[in-house]
Amino acid sequence: MLSTSTTRIAAFTTAVIAFAAMSGSALAQKKYDTGANDTEIKVGNIMPYSGPASAYGVIGKTEDAYFKMINDKGGINGRKVNFVTYDDGYSPPKAVEQVRKLVESDEVLVVFNPLGTPSNTAIQKYLNSKKVPQLFVATGATKWNDAKNFPWTIGWQPSYQSEAQIYAKWLMKEKPGAKVAILYQNDDFGKDYLKGTKDGFGDKAASSIIMEESYEVSEPTIDSHIVKIKAANPDVLLIYTTPKFGAQTIKKTAELGWKPLQIITNVSASVGSVMAPAGFENAQGVLSAAYAKDGADSQWNNDPGMKKWIEFLDKYMPGADKTDGSLVYGYGAAQTLAKVLEMCGDDLTRANVMKQAASLKDFTPDTLLPGVKINTSATDFAPIAQLQMQRFKGQKWELFGETISGDIATE
Amino acid sequence: MSAAEDVVTEAPAVEAVPKRAMTLGLGTSLVVLAALCLAPLFVKNFIIFQMTMLLIYALAVLALNILTGGSGQFSLGQSAFYAVGAYTSAILMEHANMNYALTLPIAGVICFAFGFIFGQPALRLSGVYLALATFALATAMPQLLKLGFFEHWTGGVQGLVVTKPDAPFGLPMSQDMWLYYFTLAVSIGIYIASVNLLKSRSGRAFMAIRDNEIAASAMGVDVALYKTLAFGVSAGITGVAGGLGAIAVQFVAPDGYTITLAISLFLGMVVGGVGWLPGSIVGSAFIIFVPNIAEGISKGLSGAVFGVLLFLVIFLVPHGARQVAMIAQGLIAKLKN
C-alpha cells in the first residue's frame, strides 16, 4: 500500500517537474523555423566559384572561414553556424537550382549574401513566395531596397545610385556651377549611375550635365567617345565604367593632354586592375568614393578593426592575398549576419531574422571605413548608404572629407 | 584533296550507328517511362524540379544528337538556339500574356527558321570549321540579347522574370509536379517524333550524308536541303527545350545562355553516346548531377574533379552510355542462355 502511494507520488512529482520544465522553456520563448534548433543555425549561400565571375568566390570562402571562427569561439548564443555554400557559376538557371536545393533539401534558415544581379533576380520571386529571407545580397543594383514589394529581400553594399548621388552632392558643394560630362556603360549598371547623378543634382541636373555619352561593353576601345567628350569641353568627367574601360578613359584623357576633374566609380577604383594599367602618373588627382577599408593600405596598420581582420586571415585563411577586396567584403558581410543572428536571441524564426535585419542601428563592422554605419528600418532596406570621397595620390587612394550619405529607396 | 585537308575533315567523323541500335527495345522503354512517371510521387519538390531540368536538357541533347549523330554535322552553337527559344517563350508570356503551352510551338518554329537560315552558310563548312562557325554564334548570342535595340522586350542585362503556371483544371498537384508532367509529355512526343524521323526517308538521307556525302548525292539525296533541314530540326527542338527551361527556371537572362551551356550540351551528347537517342537522358543527367557531385568532393577543386570524372568516362567507355547499355544487354543475353 505504502509503496504504491509512494510510486504514485513519485510519478505525480515527475509529471509536475516535467510540466514545469516544459512551461519553463515556453517562458524562455525559444522559437524556431526550419533550419534552426538548440545547437545549430543553418545558413545557405550561393557563389560563383566557377565561371566568368569566379574571382568573387573568395567572398564565399571568407564567409565560410568567418563562421568557423565564430564556431570556435562558441557560436552565436550557444548555437553553431552551419554555413552551406554552393557554386552557381554565375548562371541564373544554376542559381535557381542551387537555391531550391538549399531551401528544400538542406532546409536552411536563411539564404545569405548570394552574389550577382542576374542570380539574385532569378531567385528573388521564389524566396519571397517561400518567405525565406534573402539576406544582404551581394550586388549594387538599387532594386533590392524595395521592402514593400519584396519584404524578404535586403541589400548590403551601397547601391550604384546612392554612390552617384554622393558624387553629385559633393560636386554641387565643392564645384558649384561646374559643367559635367558623363561617360556611362549602356546597361543597367551604367544607367543606375546616370539616374543617381541626375537625382543628386535635382533641379540643377539640366544646367549642370552638359553631355551624356554611352558606350557598349562590346566595343574594343572607347577612345573616340573621349575625344567627343573633350570637344564639348566640360570641367568634370564622371566615369561610370567597368574596370577595363576605366583604365582606358584615364589613359586617353592623359594622352590628349586634357585635365578635367575626373571621378571614377568605386567599381573601377581598383589600384591593381585600373590605376596601374592606366599609369600612376596619369591617375594622379582622380577622385572616387569608398565604404570599406583597403587591406593593402598601410594607414590601417594600427586600426583595431583591421588588426582583428588580419588576425582572422592569419589563422583561418593563411596565404590569402590581402590586396583582394573580396576578403574585406566577405568579412564585413559575415559580421553583419552574425550581428543579426545574435540580435535574434532565441527567436530564430525567419520573420524575426528579417525583423532584426531591418532594425540595425549604427552597426559598424570591423572592415568598414570609420564613420560608415549600417542602419536599416522597416522601410529602409539599404544597409550601407554612406561613402567617403578619396583622391588618388602616388600609388594609392587617400580619403578626405566627411562621409556622405546617399540613402534612397526604389519607387 | 590534299592530305592535310583529308586529316581535318576525317578527324571528327562519327562512327556509323546502325538504325535499330539508335533506340531502346519496347520493354526497356516502358520500364524507363514508368519510372519517369512514378518517381515524382515519392520525392520532394526540389527533386521534381531537378528532374524537370533533366528532361529539358535531355531534349536539348537529343536535338544535338539528331544533328551530329544523325547527319554528322557539328554544332557548338546550341546555346544560341536554346536562348532564342527561351526568350521567345518568356517574351510571349510576359509581354503578350500568352498561355505558356502555346508559346512552345512558336518557339520551336522560330528556332527552326533560325536554324534553317543558319544552316545555309554552314553548308560550305564541315568538321571543325563548322564547329567554329557555330561557336561564333554561341559567343555572340548573350551580347545580342543585351543590345539596347531589343531591350524593351528582352529586359537587357536584367533579364525577364517569368510567371510559373499553376496546374490546370484545379488538379491537386504542386506547380513543380504539374510542370514536370507537362515537360514529360512534351519530351515523349518529341522523342517519338525524333525516332520516327530517323527511321524515315529523311532520316536515312541524314545518315547517308553522315556516312558519305558524295555517295549520298550520287544516290539522289539533296545534300544541301537535308543538311539545312537537320540544322532546322535540331534548332527547333532546342528552342522548345529552351522555352520549357525558361518556364521551369522562371527567369531568362543573357548570362544563362553562354558558351558554357553549348559545351555542356555537347558533353552530354558524347557521354550519352553519339547517335544513340536514349543516351540523351544519361548525358543530361551527367551534365546536371556530376558537377554537383564534384562540388561535394572538393569545393576548391570542383572543376578538376569534374575533369577527372569526365576523363574516366571517356577513357573507360568512349562510346558513352550506349556502350554501357550494349555491355548490359550482352550480359543479360548470356544469363538467359
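**Entry 1: the salt bridge**

I began with the side chains of Arg100(A) and Asp176(B), which meet in a salt bridge at 2.6 Å, N to O. I note here that the model is a predicted one, and that the rule finds one salt bridge across the interface of chain A and chain B. I then looked up the polar contacts across this interface, and found seven residue pairs, both residues of each pair being at pLDDT 80 or more.

**Entry 2: the side of chain A**

Which elements give two or more residues to the side of chain A that touches chain B? I listed β3 (80-87), α3 (92-105), α4 (117-130) and α6 (188-201) of chain A, and I saw that α3(A) supplies the largest share, 10 residues. By class, I recorded 12 charged, eight nonpolar and seven polar residues on this side of chain A.

**Entry 3: extent of the interface**

I looked up the contacts and found 27 residues of chain A touching 24 residues of chain B. For the area, I wrote down about 2,400 Å² buried between the two chains, with 54% of it on carbon and sulfur atoms.

The elements giving two or more residues to the lining are α2 (26-38), α3 (45-71), α8 (175-199), α13 (279-297) and α15 (321-336) of chain B. I sorted the lining by class into 21 nonpolar, five polar and one charged residues.

Methods:
Residues numbered from 1 in each chain as written. Chains lettered and ligands numbered in written order. Predicted model: local features only at pLDDT ≥ 70, side-chain atom pairs only at ≥ 80, totals over all residues. Heavy atoms only, no water. Contact = heavy atoms within 4.5 Å. Buried area = accessible area lost by both parts, 1.4 Å probe. Salt bridge = Lys/Arg side-chain N within 4 Å of Asp/Glu carboxyl O. Polar contact = N/O pair within 3.5 Å; in protein donor to acceptor, adjacent residues only side chain to side chain. Helix = DSSP H or I, 4+ residues; strand = E, 2+ residues; numbered from the N terminus. Nonpolar A, V, L, I, M, F, W, Y, C, P; charged D, E, K, R; others polar.
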